[in-house]
Amino acid sequence: MSKIILITGASSGFGKAIAEKFAAGGWNLILTARRKEKLEAVASDLEKQYGVKTLCLVFDVQNKEAVFENLSKLPSEWQAVDLLVNNAGLALGRDSFFDANLDDWETMIDTNIKGLLYASKAVLPYLIKQQGHIINIGSTAGKEVYKDGNVYCATKHAVDAITKAQRIDLLPYKIKVTAIHPGAVETDFSLVRFKGDADKAAAVYSGYTPLKAEDIADTAWYVANVPKHVCINDVVMTCVAQGNSTMIHKD
Ligand code: NDP
Ligand code: 8X3
């Protein structure tokens with residue numbers, strides 16, 4: 001029987017690439033995001049290309065009621081969730097602590113931390129039945145803080161800490177918990193961060209070759225397919241030009 005992966009934030013970037021990687025491997029997909037049209041386009045392409053089944057759920061992970069309404073009452077044929085990928089997230093702004101916008105801070109906290117907690121809690125009863133796996137998407141920003149990254153970095157440090165806490169607390173249920181912490185990856189991430197300013201977004205990735213969303217999908221596929229007794233705890237991955245969260249060598 002096909003396995004089931006549930007991915008938050010599957011309408012673009014890593015989530016979309018992870019959906020494609022697992023569809024190619026024959027997994028059925030529960031895909032979530034806010035942008036219905038984009039999400040349904042991803043689902044319909046993958047159904048056609050790989051013959052897998054998909055379920056699209058459109059909601060905002062910041063909305064506790066919506067998360068539980070959608071994820072804790074899955075249709076019976078979708079309840080055997082083997083893998084939850086907590087990927088939905090964003091940065092908003094790159095401003096000093098003094099200049100940063102409070103609404104941006106709250107959106108990042110509500111999405112990257114609270115959304116991940118709600119989704120994990122809502123899906124957990126299904127994961128327990130499957131002895132499943134949680135992959136949390138952190139960041140190198142969750143390993144070292146960088147200038148003007150303040151709250152985004154803090155949310156990703158929280159993802160690191162929550163991952164470690166989940167791994168310990170879920171031991172009795174034989175659930176694997178993994179964090180993947182990528183450095184710079186060219187997706188819509190910087191366009192969102194800079195609120196549509198394409199020049200600022202492009203500058204983030206100029207002068208070197210950043211990671212691609214497919215690199216993160218390959219890693220997710222690897223950690224999801226190790227033997228049953230093995231749990232990859234923590235993966236930090238960067239492109240060759242990046243040494244840590246603060247150092248990128250540009251030509
Ligand atoms: P994208 O902007 O391409 O994708 C973000 C995804 O998250 C979209 O599918 C978006 O869907 C979804 N999302 C955002 N906010 C919400 C919300 N409130 N509710 C539901 N879904 C939401 O960026 P990436 O693919 O790069 O980012 C994915 C994750 O990877 C994020 O957690 C990010 O912090 C992390 N990351 C990114 C890195 C990078 O350099 N790109 C590096 C390290 C980590 P929609 O807008 O349709 O709701
Ligand atoms: C995304 C990578 O370096 O912009 O988490 O924080 S970075």
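User: Which residue, with a positive phi, follows α4?

Analyst: This is a predicted model, in which local features need pLDDT of at least 70, side-chain atom pairs count only at pLDDT 80 or more, and totals for chains, interfaces and linings use all residues. Residues are numbered from 1 along each chain as its sequence is written, chains are lettered from A and ligands numbered from 1 in the order written, and side-chain values use heavy atoms, leaving out hydrogens and water. Helices are DSSP runs (H or I, at least four residues; strands are E, at least two), numbered from the N terminus. With a phi near 50°, the residue that follows α4 is Q131.

User: How far apart are the end C-alpha atoms of α4?

Analyst: The expected span of a helix is 1.5 Å times one less than its number of residues. Helix α4 (residues 102-130) has 29 residues, so it should span 42 Å. The distance between its end C-alpha atoms agrees with this: 40 Å.

User: Where in α4 does a kink lie?

Analyst: The bend at a residue is the angle between axes fitted to the seven residues ending there and the seven starting there. In α4 the kink is about 50° and comes shortly before the proline P125, at L124.

User: What percentage of the area of ligand 1 does the protein bury?

Analyst: An oxygen atom of ligand 1 is 2.8 Å from an N or O atom in the side chain of S11, and one is 3.0 Å from such an atom of K156. Accessible areas come from the Shrake-Rupley method with a 1.4 Å probe (for residues, only the protein chains shown count as cover). Taken alone, ligand 1 exposes 880 Å², and the share buried by the protein is 96%.

Notes:
Polar contact = N/O pair within 3.5 Å; in protein donor to acceptor, adjacent residues only side chain to side chain.
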